[in-house]
Amino acid sequence: MKAAAPTPMMAQYSALKAQVPDCLLFYRMGDFFELFFDDARVASGVLDIALTARGEHQGVPVPMCGVPVHAADGYLARLIKAGHRVAIAEQVESPADARARMGSKALVARAIVRVVTAGTLTEEALLDAKAANWCAAIGEAAGGVALAIADVSTGRFEIIESDSASVAADLARLSPAEVIAAQGSGLAALATDTLPPENFESARGDDRLKAMFGVATLDGFGQFSRAASSAAAGLIAYLDHTAKGALPFLRPPLLVHAGDVMAIDPATRDSLELTATASGTRKGSLLDAVDRTTTGAGARLLARDIAAPLMNRAAIEARLDVVAMLHHDAALREMLRSILRSLPDIGRALGRLAAGRGSPRDLGQLRDGLNGAWQLGERLAALDAAPQMLQQLAPQLRGHGALIDLLSRALVPVPPVDASAGGYVAEGYDAALDDLRRTGAGGRRAIAALEAQYRASTGIAALRIKHNGVLGYHVEVPARAADALMQADSGFTHRQTMAGAVRFNAPALHEVAMKVAQAGAHALAAEAAHLEELTGAVLAHAEPVAATADALARLDVAAALAERAGEGGWVRPQLADYPCFAVVGGRHPVVEAAVTRAGGRYVANDCALAPDERLWLVTGPNMGGKSTFLRQNALIAVLAQAGSFVPATSARLGLVDRLFSRVGASDNLARGRSTFMVEMVETAAILAQATPASFVILDEVGRGTSTYDGLAIAWAVVEAIHDNNRCRCLFATHYHELTRLAERLDALSLHHVRAREWKGDLVLLHELAPGPADRSYGLAVARLAGLPPATVARAKSVLAKLEAGRAKTGGLAAGLDDLPLFAAAAAAPEPPPDPLRAALEGVDVDALAPRDALDLLYRLKALLTA
């Protein structure tokens, strides 16, 4: 039997679904978005909504589920969070237009108007107010690599010159929601999606950028490499695809070079928990401990600052100058924070308007935000001896007088989110609109008078005039009273009978209702035209409005950092032109906050690294505070170069070009790497990349293998960092044998965390002191951790035997005093290549014929005798 042809609606749905096979399709049907077939099964499971069926397709019931249009944002958020992409198929004509085009049975035309992906969100309900939402593209050309990134919710657009070795670190810093690469690219493993290579052609990127910003040359934006143009081409192509030709608002690209910010690799970023903890949450991170911002834009900027500390000393000092002024002037700081707290997020409101998804409320937010910024700019301009950055920011807050005046005259004080019902254009802005509203209001009063008249003439006290979307205005009476109105001479026309009521029309009501409906429709059309005009007026000033949003965010960050410094007694760091690191009374901001909440007192410690004492070897018991000490100094470097005060009594440091942290144990089973393998890979990266301007913290290198192997590796790593990398380094270890290196390495200094045993209990003092630890206290820590007494006693007896043996043999480090220096050992010549081994390694034994094997033997014998 021949299968039935699909219905027109199913044929339309299938054609739309074929355009977006990798997306869930939201198919608009009236007040709902419907999903069918596998999309319905997936969505019902993620959203926990009922899975039903609608008709049949090829003899099988069609699975279906749906979500209301008015609540779609919430459902979209859950689907995107679950890793899905959603295509929106909207009705692109009215039912009346469809009937005029194809007759009474016409199907309303639909088209995919947008593809919603994690990196292209603009809706407030779908975004985290405190986090940027980057979409990134990786470009490759002429041997170079670059990233193009955009946050379409604010229009921020950057191009980062990178390289194949650094691109993973750049992506880790940005934590983009989506990463796009060319199909077949060697870097496609870093991407969440790929596009055909022709979308990444550098010439196409140059052309698209010129067209977007109306320029004949890109020189005004900086010198773009071919890789940078390739990345821009790929990003714009992807955004164009998801927006279906309606490219979102992008500001002129900001060109960033690799050396502009401190290099922090992904392992270090995770280890230090700069913007997120190991579990992926903001709570417990450095960012969370520092953040006192009052606006979402400020929180996003602070996260960007901490993720990318600066390398430009003048730029760092400029940030610190503003923080210092607000730190010293508490009244000014509080005034500034109070104003900022009341302002809406104008950057994201602008992004929604530019994407065509704006509302009257977004226009109202821009009006209120720009007005607040103007007032703030006036106050800042009046300050005496303001820092240079503040002088630069103040003018960016003003200059929108005409736009503020327009929006103030045009909009009601609190515009609604939904424009469809009107009511957002202020009275007095448009006289014709006011007349239409008065006509509608007069008609509604006339309808109320008619209701009273009909009640009196019919004697039906329960008579009501009501309205719905199908019948419009109509008369409704209880069923028991309907007979009189059913009479031919009653003046009423029957429209609908229901279980308990009957509905009628009347000539006078119809005439008044027509006037009301026409006035209402014309008023809505007039308001919609004004909404479009006002949106156009805003977008004509999009770049200066975005600059104002940036200025507000920068002020919020400066005030927040000043507030945090005041809370914690933080100080301004002093920057030096040589690689020093002198911190007095340094503290770990996250740990200190936790200790304070628990009612404890955090023990501060000093750190003094200098060219002649650049490597500290730190020993002491577990739980004594070695790892905390290492991390707190790395975090102080990050905060200082981000333009923040630091948790210390005083701090002076030379700029850190690269920060490395090998602290904490983890394994990467997904990539087949054990804990020790991960440790060695990260240590290898440090030895290969650290420069004399770098800062390195290393904890327990070599602990993941046998004792002798581990000690040997740790010994060699210390020597390599001292002699080759020559960087500032804090190296914590339990290998006390390494302390012998102080006799051989002139820039190595010994330190330990103090501990004492009191009446059999271990007391951890968390204080750093010069010199090596007197012993490891391992058994005391084991007892403190709750190891059974019998086990501790047995360990004690075993330890006594081992120590007695060490005294006789010289211990683990016996013979190491006779080792040549690291530089001499590293310079030893490699053994000459073995030609016989090389010849054998190239032989495929299974492919040798008997004659070939005999010839091979002759050649090998000749090599042996040569």
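1. The α10–α20 contact. In this predicted model, A297, G298, L301, L302 and D305 of α10 meet A553, R554, D556, V557 and L561 of α20. Contact means heavy atoms within 4.5 Å. By class, the contact of α10 with α20 has six nonpolar, one polar and three charged residues. Ala, Val, Leu, Ile, Met, Phe, Trp, Tyr, Cys and Pro count as nonpolar, Asp, Glu, Lys and Arg as charged, and the others, Gly among them, as polar.

2. Geometry of that pair. Helix α10 covers residues 296-307 and helix α20 covers residues 542-568. Their axes are 8 Å apart, at an angle of about 75°. The two are therefore roughly perpendicular. Angles of 65 to 115 degrees count as roughly perpendicular, under 35 as roughly parallel, over 145 as roughly antiparallel and the rest as oblique. Axes are lines fitted to C-alpha atoms, for helices over the stretch in contact, and angles run from 0 to 180 degrees between N-to-C directions. Helices (H or I, at least four residues) and strands (E, at least two) are DSSP runs, numbered from the N terminus.

3. Basis of the values. Residues are numbered from 1 along each chain as its sequence is written, and side-chain values use heavy atoms, with hydrogens and water left out. As this is a predicted model, local features need pLDDT of at least 70 and side-chain atom pairs count only at pLDDT 80 or more, while totals for chains, interfaces and linings use all residues.

4. The α13–α19 contact. Helix α13 (residues 346-354) packs on helix α19 (residues 507-539) at an angle of about 120°, with axes 10 Å apart. That makes α13 oblique to α19. The crossing is left-handed, meaning that the near helix is turned anticlockwise from the far one by less than a right angle (clockwise would be right-handed). L350, L353 and A354 in α13 meet T535, V538 and L539 in α19. The residues of this contact divide into five nonpolar, one polar and no charged.

5. L403. This residue lies in helix α16 (residues 401-410). L403 is buried, at 5% relative accessibility. The cut-offs are under 20% relative accessible area for buried, over 50% for exposed, and partly exposed in between (1.4 Å probe, protein chains only). Not counting residues up to four places away in sequence, L403 touches L370, A537, V538 and V545.

6. L639. Helix α22 (residues 626-642) holds L639. L639 counts as buried, at 1% relative accessibility. Leaving aside neighbours within four places in sequence, its contacts are L286, V290, W570, S644, F645, V646 and P647. L639 and P248 are 391 residues apart in sequence and 34 Å apart in space, C-alpha to C-alpha.

7. Cysteines. A disulfide is a pair of cysteine sulfur atoms within 2.5 Å. By this rule the count is zero. C65 is in no disulfide; the nearest cysteine sulfur, that of C23, is 16 Å away. C65 is buried, at 1% relative accessibility. C580 is in no disulfide either; the nearest cysteine sulfur, that of C607, is 11 Å away. C580 is buried too, with a relative accessible area of 4%.

8. Positive phi. Which loop holds A142? A142 lies between β7 (135-141) and β8 (144-151). Its phi is near 50°, a positive value in a residue other than glycine. A142 is exposed, with a relative accessible area of 66%. E273 has a positive phi of about 50° and is not a glycine. E273 lies in the loop between α8 (266-272) and α9 (286-290). E273 is partly exposed, at 25% relative accessible area.
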